Amino acid sequence: MRGPQDCWPWLGTWGGRKRDRRPYYMARGRRTMAYRWVWELVYGEVLDESVLILHSCDNGGWPIGCTNPNHLRKGTVQDNSANMTDRPRHGLPASVVQAIRKLLDQGETQAEIARLYGLTRETISAIATKRAYKHLPYPAGGSVDE
Ligand SMILES: [Zn+2]
């Protein structure tokens with residue numbers, strides 16, 4: 001059921017620090033970042049260490065580690081930090097994330113919210129457990145006003 005637009009979860013090994021787990025693949029006798037390896041496999045281009053592989057989806061990290069080549073692009077460290085700070089559009093708009101948090105607060109199930117927004121359960125789960133969109137402020141008191 002995985003189409004070209006869906007995220008492809010990494011089913012291999014994970015490495016990295018506990019709070020920053022990354023998908024790894026053993027290639028050419030060394031551990032390679034899974035999506036870097038996928039890039040080289042698909043586009044036949046061996047990347048310089050200074051080139052980062054960025055995700056157009058927001059699922060590059062644990063627990064999904066998306067390795068869909070259609071979701072990957074090359075970038076620099078500067079691009080990456082720009083993504084992290086002031087480009088929530090990289091994933092979901094802040095308003096959507098806040099709305100999802102509100103629904104979670106109200107006790108809506110993750111499956112129902114996923115269906116409502118056309119997102120995967122994984123995405124909703126990542127928001128619920130604060131693995132994703134940590135950079136968006138949480139309102140005091142735990143509820144969200146529009
Ligand atoms: Zn993806």
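In this predicted model, helix α1 covers residues 34-43, and its buried residues include Ala34, Tyr35, Arg36, Trp37, Val38 and Trp39. Glycine 44 follows α1 and has a positive phi, near 65°.

**Overall make-up**

The protein has five helices and five strands. Read from the N terminus, the order of elements is β-β-β-α-β-β-α-α-α-α. Of the 146 residues in the protein, 27% are buried.

**Helix α3 and its partners**

Helix α3 runs over residues 94-105 and helix α5 over residues 121-128. The end C-alpha atoms of α3 are 16 Å apart, which agrees with the 16 Å that its twelve residues should span at 1.5 Å a residue. Buried in α3 are Val97, Gln98, Ile100, Arg101 and Leu103. These buried residues pack against α5 and against α4, which spans 110-117. After α3 comes glycine 107, with a positive phi near 90°.

How do the axes of α3 and α5 cross? They come within 10 Å and cross at roughly 80°. An angle of 65 to 115 degrees counts as roughly perpendicular, and α3 and α5 are therefore roughly perpendicular to each other. On the α3 side the contact is made by Val97, Ile100, Arg101 and Leu104, and on the α5 side by Ile124, Ile127 and Ala128. By class, the residues of this contact are six nonpolar, no polar and one charged. Several positions on the α3 side can be read with helix geometry in mind. An α-helix has 3.6 residues a turn, so residues three or four places apart point the same way.

**Backbone features**

Most residues other than glycine have a negative phi, and most peptide bonds are trans. The peptide bond from tryptophan 62 to proline 63 is cis, with omega near 5°. Proline 63 sits in the loop between β4 (52-55) and β5 (72-75).

Lysine 130 and tyrosine 133 are not glycines, yet lysine 130 has a positive phi, and tyrosine 133 has a positive phi as well. Lysine 130 belongs to the segment after α5, and tyrosine 133 is also placed in the segment after α5. Is each of these residues buried or exposed? Lysine 130 is exposed, because 10 other C-beta atoms lie within 10 Å and a residue with 12 or fewer counts as exposed. Tyrosine 133 has 20 C-beta neighbours inside 10 Å and so counts as buried, the cut-off for burial being 20 or more.

| Residue | Phi |
|---|---|
| Glycine 44 | near 65° |
| Glycine 107 | near 90° |
| Lysine 130 | about 65° |
| Tyrosine 133 | about 65° |

**Arginine 73**

Arginine 73 lies in strand β5. It counts as partly exposed, because it has 13 C-beta neighbours inside 10 Å. Apart from neighbours within four places in sequence, arginine 73 is in contact with Leu54 and Ser56. How far is the C-alpha atom of arginine 73 from that of tryptophan 39? The separation is 8.6 Å, although arginine 73 and tryptophan 39 are 34 residues apart along the chain. Tryptophan 39 is among the buried residues of α1.

Conventions: Residues numbered from 1 in each chain as written. Predicted model: local features only at pLDDT ≥ 70, side-chain atom pairs only at ≥ 80, totals over all residues. Helix = DSSP H or I, 4+ residues; strand = E, 2+ residues; numbered from the N terminus. Axes fitted to C-alpha atoms, helices over the stretch in contact; angles between N-to-C directions. Parallel < 35°, antiparallel > 145°, perpendicular 65-115°, else oblique. Contact = placed C-beta atoms within 7 Å. Nonpolar A, V, L, I, M, F, W, Y, C, P; charged D, E, K, R; others polar. Expected span 1.5 Å × (residues − 1).
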